[in-house]
Amino acid sequence: MMAKNFHHNSQFYADNFISHPRIAKPSSEFYTVFSPAEVLEIIHTLETRCEIPLKYSYKGQGAKIWHDFYQKFVSPKWYRKSSVEIDLLRNNFAYIYESISKFSQVNVIDVGAGTSYPAKEFVSRLNQLNKINKYVALDISEGLLTVSKRNFTTWFPKLDYINQQIDIENSCIPANFSGNPKIILHLGVTMGNHHNRNQVLKNFRNSMDENDLLIFTNEIGSNSQWDGVARGGCKYHAEEIYRTIKNTIGLKSQDCQLIRKYDLATDSVVANIKFQHNYTIDFSFQGINKSIEIPKGKEITIWRHHKYEMPKLTQELENAGLELVHYTTNKYSSHIIAICQVTNN
């Protein structure tokens with residue numbers, strides 16, 4: 001009888017323990033990688049929209065993760081001579097060159113430059129025509145800018161190279177890069193990864209003069225028709241981000257899972273961390289003292305991607321004061337290159 005009561009009481013205490021939240025404390029590496037302002041933004045986005053901004057996955061260890069992912073799954077191979085964005089830039093070079101032909105030289109501003117590899121061939125062709133004054137690499141990640149500088153100065157030792165760390169969601173392109181007409185590149189599918197695409201487009205618009213071009217690539221199609229099969233970034237990049245967040249935030253693998261789905265509210269495919277238990281994330285560092293309670297079953301978005309349908313793309317550009325002056329798609333009609341200028345009012 002006593003043994004039975006002991007077992008019953010043990011179960012009671014076990015259940016009671018499970019109902020209490022686990023406590024996660026971000027590692028020292030977390031506070032090394034992110035500035036106090038960035039930590040506060042992470043806290044704010046967790047509280048207000050249950051998300052850790054994807055842009056922060058490119059910092060610290062995330063820079064290596066992205067570089068490795070790009071090298072393995074995106075960059076050209078012997079059996080695939082170039083990536084989608086390189087092909088799209090190549091196929092539209094004549095149009096771009098015609099647009100800038102009346103100017104002696106231009107500055108190429110590569111926003112979200114990463115390793116700078118996607119821009120290499122484009123810059124090379126401009127350089128051969130003596131059309132490029134300087135190349136400016138802008139990225140949120142110091143680590144990726146280090147790779148960019150190493151790559152670019154090896155490829156083009158005589159070209160003027162500048163880099164700077166910026167977050168295009170929160171700031172415009174620095175004004176000191178003006179002087180020549182600008183070709184602003186935003187390559188890959190980065191536009192579809194932003195949480196606030198409208199603000200990004202407005203920041204681009206506010207960085208541009210009438211002779212500047214904004215050139216970006218992205219996937220096109222219907223997000224809601226996603227077949228539920230994780231591929232590319234949705235699979236490999238999301239898995240690496242999930243692993244890194246667990247390690248740096250202090251979550252136990254058995255307490256959460258990675259799920260992917262279509263999110264109607266943002267018309268995006270997302271990857272979320274789903275919590276299997278109540279959790280408290282305790283942020284305590286350099287005057288920051290904040291605890292966030294996450295109930296069992298709650299999901300936090302850590303990766304997102306939005307494909308554009310053409311009417312929506314045109315509308316977002318118009319709302320930002322930009323005009324789509326030219327576009328083409330790849331042969332599979334899965335990706336677009338959009339070339340934009342400031343709206344002529």
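1. Two strands are said to pair if DSSP finds at least two bridges between them. In this predicted model, strand E7 (residues 256–263) and strand E8 pair in the antiparallel sense, over eight bridges. Within that pairing, Tyr262 has Val269 in E8 as its bridge partner, and the hairpin formed by E7 and E8 leaves four residues between the strands, with Asp267 in the turn taking a positive phi of about 50°.

2. Strand E8 (residues 268–275) is mostly covered, given that seven of its eight residues are buried. E8 is also joined to strand E11 (residues 299–305) by six bridges, again in the antiparallel sense, and here Val269 stands opposite His305.

3. In helix H7 (residues 120–128), the buried residues include Phe122, Val123 and Leu126. They cover an arc of only 95° around the axis, and therefore lie on the same side of H7. The buried residues of H7 pack against several elements, among them helix H5 (84–91), helix H8 (142–155), strand E2 (106–111) and E3. Just after H7, Asn130 takes a positive phi of about 55°.

4. Asp139, in strand E3 (residues 132–139), deserves a separate look. Asp139 is buried yet has no salt bridge, the nearest side chain of opposite charge being that of Lys59, 9.0 Å away. A polar atom of the Asp139 side chain does, however, lie 3.3 Å from the backbone nitrogen of Ala113. Leaving aside residues up to four places away in sequence, Asp139 touches residues including Gly112, Ala113, Gly114, Leu144 and Gln165.

Note on methods. Residues are numbered from 1 along each chain as its sequence is written. This is a predicted model: local features need pLDDT of at least 70, side-chain atom pairs count only at pLDDT 80 or more; totals for chains, interfaces and linings use all residues. Side-chain values use heavy atoms; hydrogens and water are left out. Helices (H or I, at least four residues) and strands (E, at least two) are DSSP runs, numbered from the N terminus. Buried means under 20% relative accessible area, exposed over 50%, partly exposed in between (1.4 Å probe, protein chains only). Lys and Arg count as positive and Asp and Glu as negative; His and the chain ends are not counted. A salt bridge is a side-chain nitrogen of Lys or Arg within 4 Å of a carboxyl oxygen of Asp or Glu. A polar contact is a pair of N or O atoms within 3.5 Å; within protein, one must be able to donate a hydrogen and the other to accept it, and residues adjacent in sequence count only if both atoms are side-chain atoms. Contact means heavy atoms within 4.5 Å. The arc is that of the directions from the helix axis to the C-beta atoms.
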